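Student: Could we go through this structure together? I would like to know what stands behind each label.

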Amino acid sequence: MTKLDVITIGRAGVDLYGDQIGGRLEDMGSFSKYIGGSPTNIAAGTARLGLKSALISRVGDEHMGRFIVEELAREGVSTDGIVTDPERLTALVILGIRDEEQFPLIFYRENCADMALCEDDIDPDFV
């Protein structure tokens, strides 16, 4: 197993940012998709900086869960600690950027996959 520099644990979701900067969420006509969740973003960011990074989390067994795993792999993040949950969906967040201080958002996280992360999901040998 490769020695890791950073392992993050926790939220893994998909952020859908409204493309119309300055607009209200009500008025958004299109969105761009990104990985989301602080632990997920930190794992990707530290991999970009050259560290050997990994994420421990859960994603749903659906399109958005696969997007997260594939995007992290493209970034060079180890996805060995990510569990695919066959019963829950991946969390989504819809966001907008109104101005420097206003970022309206709506979390869709009811019974989502990453909220079901438990100690049984963590392999002590991985850590």
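Student: Why is Tyr17 called partly exposed?

Tutor: Happy to start there! Buried means under 20% relative accessible area, exposed over 50%, and partly exposed in between (1.4 Å probe, protein chains only). Tyr17 has 26%, so Tyr17 is partly exposed.

Student: And what makes Tyr34 partly exposed?

Tutor: Its relative accessibility is 44%, so Tyr34 falls in that class too. Keep in mind that this is a predicted model, where local features need pLDDT of at least 70, side-chain atom pairs count only at pLDDT 80 or more, and totals for chains, interfaces and linings use all residues. Residues are numbered from 1 along each chain as its sequence is written, and side-chain values use heavy atoms, with hydrogens and water left out.

Student: Why is the pair of Tyr17 and Tyr34 called edge-to-face?

Tutor: Rings of Phe, Tyr and Trp (its six-membered ring) pair if their centres lie within 6.5 Å; planes under 30 degrees apart count as stacked, over 60 as edge-to-face and the rest as tilted. Here the centres are 5.8 Å apart and the planes stand at 80 degrees, so the pair is edge-to-face. The residues lie 17 apart, Tyr17 in strand S2 (residues 13–18) and Tyr34 in strand S3 (residues 31–36). Strands (E, at least two residues) and helices (H or I, at least four) are DSSP runs, numbered from the N terminus.
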